[in-house]
Amino acid sequence: MTQSTPQTMGQQYGRRSWAEPWKIKMVEPIRVISREERAKAMTEAGYNTFLLRSADVYIDLLTDSGTSAMSDRQWAGIMLGDEAYAGSRNFYHLEEAVQTYYGYRYLVPTHQGRGAEHLISQALIKPGQYLPGNMYFTTTRLHQELAGGTFVDVIIDEAHDPYNLHPFKGNVDLDKLQALIDKVGAERIPYVSLAGTVNMAGGQPVSMANVRALRELCDRHGVPIYLDATRMVENAYFIQEQEEGYADKSIAEITKEFCGYTDGAWMSAKKDHLVNIGGWLAVNDAELFDALRNLVVIYEGLHTYGGMAGRDMEALAIGIEEAVQDDHVHARVGQVRYLGDLLTCWGIPMVQPVGGHAIFLEARGFYPHMPQDHLPAQTLAAELYLDSGVRGMERGIVSAGRDPKTGDHRRPALELMRLAIPRRVYTQAHMDVVAEAIKAAYDAREGKLGLKFVYEPKHLRFFQARFEPME
Ligand SMILES: Cc1ncc(COP(=O)(O)O)c(C=O)c1O
């Protein structure tokens with residue numbers, strides 16, 4: 001048997017290898033339990049990966065939310081927590097960081113992203129209004145609906161095709177938006193709900209040209225734009241890499257320019273900002289700020305902590321600065337791509353191009369004969385865990401929920417299983433193990449029958465639903 005000379009990844013691509021811009025100072029042991037134990041754990045969890053205990057998980061790619069590793073500077077910041085009820089100095093540091101890197105004038109802290117979504121929805125949406133957006137997100141849409149609004153998808157068609165290689169699949173289709181304005185009237189659109197890198201489309205970015213054109217269109221009709229900035233920094237990386245005129249601009253400059261086309265943003269700091277908890281809402285309009293600052297004391301806490309401890313705000317302020325460093329974002333998106341490139345070369349069906357924070361497996365490509373009502377992506381998440389102890393989550397029919405008017409399942413074009421990569425947590429060796437586990441699940445795809453609901457909660461059912469195998 002001849003053995004070829006092993007090659008590093010850089011050599012395979014004909015370039016020098018690069019590495020993460022950090023070294024590890026503290027470790028958390030992980031272990032893989034036996035196949036029998038995994039089968040028992042999965043049955044007890046009702047085939048829902050959200051209901052597994054983390055001790056039963058080997059490599060945890062359920063989410064990139066709140067799962068980042070903090071830096072030594074952030075941990076040092078934890079010790080600088082000023083736990084005053086009012087006017088904590090950490091709040092002012094956070095306010096300054098958001099103003100510096102995102103450019104918005106006024107800041108309202110919240111305990112996490114959905115706290116901010118709740119406040120902005122309550123402040124701006126009246127019953128009977130419409131919220132156009134570049135694809136729905138689960139918690140965002142629910143808060144818009146609970147405030148009496150109806151979400152309308154105005155993302156470009158390419159976003160609904162997992163194999164379309166458009167570099168900016170998160171773009172808003174301006175014709176769709178114009179058609180909605182013509183149909184319902186601009187006065188019934190409180191704002192455009194724009195997301196930087198679109199989670200449900202596979203972590204796909206929005207171009208600067210698109211947000212600029214969106215601003216022009218919205219200005220003509222007096223409609224504000226509010227941004228879900230949760231993964232905006234990752235969006236900036238794609239602009240830097242792929243959009244003409246941005247190669248020499250820093251991630252920080254691109255992020256601020258993009259935000260400059262919007263009127264404000266809400267943020268789940270648990271993602272881009274490298275903290276385990278936290279969020280914020282920032283706006284430019286003084287009157288709106290007044291209303292939000294009043295609402296936050298009802299639902300989150302005083303306007304200078306909004307549900308976070310002083311130490312959390314300090315770690316977050318430091319995380320904001322670390323998040324926009326070019327070498328960090330390059331390594332972060334690069335790791336996702338490393339995994340994506342392996343799977344692409346092996347012909348695994350998945351969303352292309354590879355997005356910023358996760359790999360999205362295309363479950364219908366795994367199980368082409370399985371009807372969507374047999375929950376292909378939920379099935380794939382269960383199968384992957386059973387095979388390897390790797391945990392991902394469903395992003396298909398289960399996550400889409402039911403139409404509030406008809407009560408029927410919403411059946412999205414994309415039936416995906418997401419493997420989100422926590423920031424600064426796993427190594428290239430972990431990614432190799434994950435890639436091989438996905439390949440094993442793909443090779444074992446024949447004959448799977450799917451799952452059925454045995455318990456379905458009313459709101460955000462994917463978090464707590466229980467399932468049983470179809471027979
Ligand atoms: C795009 C997007 N927006 C909003 C949220 C909600 O944030 P949180 O989980 O912090 O409440 C999330 C969380 O997953 C998200 O991915």
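## Salt bridges across the chain

Arg410 and Glu145 form a salt bridge, their closest N and O atoms sitting 2.7 Å apart. A salt bridge here is a side-chain nitrogen of Lys or Arg within 4 Å of a carboxyl oxygen of Asp or Glu. This pair joins distant parts of the chain: Arg410 is in the loop between α16 (397-400) and β10, while Glu145 belongs to helix α6 (residues 138-146), 265 residues apart. Helices (H or I, at least four residues) and strands (E, at least two) are DSSP runs, numbered from the N terminus. Glu145 is partly exposed, at 22% relative accessible area. On that scale, buried means under 20% relative accessible area, exposed means over 50%, and partly exposed is in between (1.4 Å probe, protein chains only).

Before going further: this is a predicted model, where local features need pLDDT of at least 70 and side-chain atom pairs count only at pLDDT 80 or more, though totals for chains, interfaces and linings use all residues. Residues are numbered from 1 along each chain as its sequence is written, and side-chain values use heavy atoms, with hydrogens and water left out.

## More charged pairs

Side chains of opposite charge can pair when their charged atoms come close. The count of salt bridges comes to 26. One of them joins Arg424 to Glu322, with 3.0 Å between the closest N and O atoms. Arg424 lies in the loop between β10 and α17 (428-443) and Glu322 in helix α12 (residues 310-323), so this pair ties together parts that are 102 residues apart in sequence. Both Arg424 and Glu322 are buried.

Then there's Asp443 with Lys439, another salt bridge, its closest N and O atoms 3.0 Å apart. These two are 4 residues apart in helix α17, so about one helical turn separates them. Asp443 is partly exposed at 47% relative accessible area, and Lys439 is partly exposed at 30%. There's a network too: salt bridges link Asp64, Arg231, Glu234, Asp272, Arg332 and Arg423.

## Around the ligand

The ligand is surrounded by 13 residues, the closest being Gln112, Arg114, Asp228, Ser268 and Lys271 (a residue counts as near if one of its heavy atoms lies within 4 Å). Arg231, from the salt-bridge network, also turns up here, with a polar side-chain atom 3.0 Å from a ligand oxygen. The side chain of Gln112 has an N or O atom 2.8 Å from an oxygen of the ligand, and for Arg114 the corresponding distance is 2.7 Å. On its own the ligand exposes 390 Å², and the protein buries 94% of that. Accessible areas come from the Shrake-Rupley method with a 1.4 Å probe; for residues, only the protein chains shown count as cover.

## A covered strand

Strand β8 (residues 358-362) is mostly covered, with 5 of its 5 residues buried. In a regular strand the side chains alternate between the two faces of the sheet. Here Ala358, Phe360 and Glu362 are buried on one side, and Ile359 and Leu361 on the other.

The partner is β10 (residues 416-420), which pairs with β8 in the antiparallel sense over 5 bridges; pairing requires DSSP to find at least two bridges between the strands. Ala358 stands opposite Ala420 in β10.

## A nonpolar patch

Out on the surface, Val297, Ile298 and Tyr299 make a nonpolar patch with about 290 Å² of accessible area together. Patches are made of residues with over 30% relative accessible area and no salt bridge, joining like charges within 9 Å and nonpolar side chains (Val, Leu, Ile, Met, Phe, Trp, Tyr) within 5 Å. Tyr299 lies in helix α11 (residues 286-299) and is partly exposed, with a relative accessible area of 43%.

Notes: Polar contact = N/O pair within 3.5 Å; in protein donor to acceptor, adjacent residues only side chain to side chain.
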